Amino acid sequence: MENSVLSINANKSMNLVLKNIFNKGFTFYSAADVYSGFTILKSVKEIEMIVIDLDDHCDDCLDFIHFIRSSKI
């Protein structure tokens, strides 16, 4: 089983840094916004960690976090 990381961050250079950090032992998925993140969550069976940039679209990100905490996915 592979460990997977989902990064929700519109900053492409930050996603590249995170991809390099999680290069070994993790499959890295990046999404520019929470809507793209939902799409990835639907298609990937298991995500071990989600990294979210709260500076960009803070309300959407907080809603996403609330949804994840309250859902059974």
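This is a predicted model: local features need pLDDT of at least 70, side-chain atom pairs count only at pLDDT 80 or more; totals for chains, interfaces and linings use all residues.
## Helix H2

Helix H2 spans residues 34-43, and its buried residues are Val34, Gly37, Ile40 and Leu41. Viewed along the helix axis, these buried residues fall within an arc of 110°, so they line one face of H2. They pack against strands S1 (3-8), S2 (26-31) and S3 (49-52), and against helix H3 (58-70).

The face turned away from the buried side carries Tyr35, Thr39, Lys42 and Ser43, which are exposed. At the start of the helix, a side-chain oxygen of aspartate 33 comes to within 3.2 Å of the backbone nitrogen of tyrosine 35.

## Serine 30

Serine 30 belongs to strand S2. Its relative accessible area is 41%, so serine 30 is partly exposed. Leaving out residues up to four places away in sequence, serine 30 touches Ser7, Asn15 and Ile40. From asparagine 20, serine 30 is 10 residues away in sequence and 12 Å away in space, C-alpha to C-alpha.

## Aromatic pairs

The whole structure holds 3 aromatic pairs. One of them joins phenylalanine 22 and phenylalanine 26 edge-to-face, at 5.3 Å centre to centre with 75° between the planes. Phenylalanine 22 is buried at 13% relative accessibility, whereas phenylalanine 26 is partly exposed at 30%.

Phenylalanine 38 and phenylalanine 67 have ring centres 5.2 Å apart and planes at 75°, so this pair is edge-to-face. The pair links distant parts of the chain, 29 residues apart: phenylalanine 38 lies in helix H2 and phenylalanine 67 in helix H3. Phenylalanine 38 is partly exposed at 26% relative accessible area, and phenylalanine 67 is partly exposed at 36%. Phe38, Phe64 and Phe67 make up one aromatic cluster.

Notes: Residues are numbered from 1 along each chain as its sequence is written. Side-chain values use heavy atoms; hydrogens and water are left out. Buried means under 20% relative accessible area, exposed over 50%, partly exposed in between (1.4 Å probe, protein chains only). Helices (H or I, at least four residues) and strands (E, at least two) are DSSP runs, numbered from the N terminus. The arc is that of the directions from the helix axis to the C-beta atoms. Contact means heavy atoms within 4.5 Å. A polar contact is a pair of N or O atoms within 3.5 Å; within protein, one must be able to donate a hydrogen and the other to accept it, and residues adjacent in sequence count only if both atoms are side-chain atoms. Rings of Phe, Tyr and Trp (its six-membered ring) pair if their centres lie within 6.5 Å; planes under 30 degrees apart count as stacked, over 60 as edge-to-face and the rest as tilted.
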